[in-house]
Amino acid sequence: DVLGSRGLGDVYKRQTKDTLLELIRGTLSTTIYNQGVYILNIEEILDNYKRRMFHAGFFYYMLVESGTAKFMINCHSLTLKKGDMLLVTPRMSVSLKSKSMEFNSYGICIEPSFFDSLAVGSYAYKSLYNAGSMTLALQLDNDDFAYVHKTLELLVHSLTFNYPVEMMSHLVNFLLLQITKIVDNQSARSSGKISRPDELFRLFRKLLAEHYRHEHTIAFYADRLHVSRPYLSRIIRQVSGKTVNIYIMEALLSEAKRLLTFTDLAIKGIAESLGFADQSSFGKFFKKGTGMSPLNFRNKNQTSIE
């Protein structure tokens with residue numbers, strides 16, 4: 001149990017906090033993931049404050065596995081059941097009104113600083129929270145439920161065993177892209193259309209995931225998407241707040257860190273697998289992005305997870 005259970009009821013009663021984030025920071029055990037993302041059963045905490053409304057102070061994504069629960073979110077009453085997903089932002093007010101005995105859920109809490117550091121953070125925020133009518137909860141079909149549930153299982157496993165921050169970032173980025181895709185698909189079905197910039201960004205991300213190991217230039221992605229390089233660059237920055245080159249660099253660095261940490265592949269082999277001309281050019285790229293050489297990074301991180 002990541003939250004722990006020793007004497008939490010007494011701790012709750014002694015504390016008065018303005019936000020759930022402050023409350024959680026004061027009550028979580030040392031198993032809290034110190035980079036800013038952790039497993040959280042929000043209903044267990046709110047159950048101790050049945051008549052109190054809290055500002056969240058964090059981003060929260062909860063998928064209901066069974067049972068029902070009634071929440072008050074920003075003065076809107078929401079009854080959640082299996083297959084529903086609750087989306088909470090730091091400024092939202094949250095209160096639990098009731099829950100059934102069989103209620104069970106997966107919940108991931110993301111602190112704002114961690115959210116801001118994510119490669120898709122800006123895009124996800126714009127897609128999910130800058131709309132005229134903000135989505136408080138999603139109703140997932142069976143396929144989407146299974147899709148998201150699997151990612152949350154991987155996150156819970158990784159958080160339980162305190163995996164490196166690079167893996168957490170990768171999984172949380174993937175979760176956010178899953179959620180934004182579901183929102184976009186539901187919006188497209190209801191309105192019959194999706195904006196050209198958002199569709200281009202989605203296609204770029206899909207293309208990048210398939211080719212980043214060997215294609216490192218904006219020209220390749222622009223050509224494959226049948227748009228000019230300036231247009232692609234402008235649209236990606238407009239939608240996400242980041243450049244095409246930054247996305248390529250982050251994808252390469254993330255995979256390089258994974259290979260250095262979790263495999264025994266030689267650094268020369270990693271350089272070749274990621275499309276670099278030689279080990280030297282890979283080393284310069286990696287040091288520019290991380291501040292250390294591939295060998296130093298490997299020595300530090302393989303030691304830390306032994």
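Helices (H or I, at least four residues) and strands (E, at least two) are DSSP runs, numbered from the N terminus. The model is predicted, with local features needing pLDDT of at least 70 and side-chain atom pairs counting only at pLDDT 80 or more, while totals for chains, interfaces and linings use all residues. Residues are numbered from 1 along each chain as its sequence is written, and side-chain values use heavy atoms, with hydrogens and water left out.

**The largest pocket**

Stay with the pocket, and select H170, N173, F174, R205 and S254, which of its 41 lining residues lie nearest its centre. A pocket here is, on a 1 Å grid over the protein atoms alone, an open set of points where a 1.4 Å probe fits, with protein on both sides within 12 Å along at least five of seven lines, and its lining residues have an atom within 4 Å of a point. About 1400 Å³ of space lies in this pocket, where the volume is the space filled by probe spheres set on the grid points, which are joined across faces, edges and corners. Colour α7 next, because the largest share of the lining, 13 residues, comes from this helix. If you then colour the lining by class, you will find 20 nonpolar, 10 polar and 11 charged residues.

**The sheet of five strands**

Now select β1, β8, β3, β6 and β9, which form, in that order, an open sheet of 5 strands with antiparallel pairing; two strands pair if DSSP finds at least two bridges between them. At the edges stand β1 and β9 (137-139), each with a single partner strand, so one side of each has no neighbour in the sheet. On average, neighbouring strands of this sheet are turned by 15 degrees against each other, direction ignored.

Within this sheet, go to strand β8 (residues 104-110), where 6 of the 7 residues are buried, meaning under 20% relative accessible area with a 1.4 Å probe and protein chains only. Strand β1 (residues 37-39) runs antiparallel to β8 and is joined to it by 3 bridges, and I39 stands opposite I108 in β8. Strand β3 (residues 59-66) also pairs with β8 in the antiparallel sense, over 7 bridges, and here M62 has G107 in β8 as its bridge partner.

Follow β3 to strand β6 (residues 84-88), to which it is joined by 4 bridges in an antiparallel run, with Y60 opposite V88 in β6. Helix α5 (residues 121-129) packs on the sheet and touches β3 and β6, its direction making about 65 degrees with that of β3.

**The sheet of four strands**

Select β2, β7, β4 and β5 next, an open sheet of 4 strands in that order with antiparallel pairing. Here β2 (54-55) and β5 (76-80) stand at the edges, each with a single partner strand, so one side of each is left without a neighbour in the sheet. Between strand β4 (residues 69-73) and strand β7 (residues 93-99), which run antiparallel, there are 5 bridges, and I73 stands opposite V94 in β7.

**A last stop at H226**

Finally, select H226, in the loop between α9 (218-225) and α10 (229-240). Most residues other than glycine have a negative phi, whereas the phi of H226 is near 60 degrees, a positive value.

Note on methods. Ala, Val, Leu, Ile, Met, Phe, Trp, Tyr, Cys and Pro count as nonpolar, Asp, Glu, Lys and Arg as charged, and the others, Gly among them, as polar. Buried means under 20% relative accessible area, exposed over 50%, partly exposed in between (1.4 Å probe, protein chains only). Axes are lines fitted to C-alpha atoms, for helices over the stretch in contact, and angles run from 0 to 180 degrees between N-to-C directions. Contact means heavy atoms within 4.5 Å.
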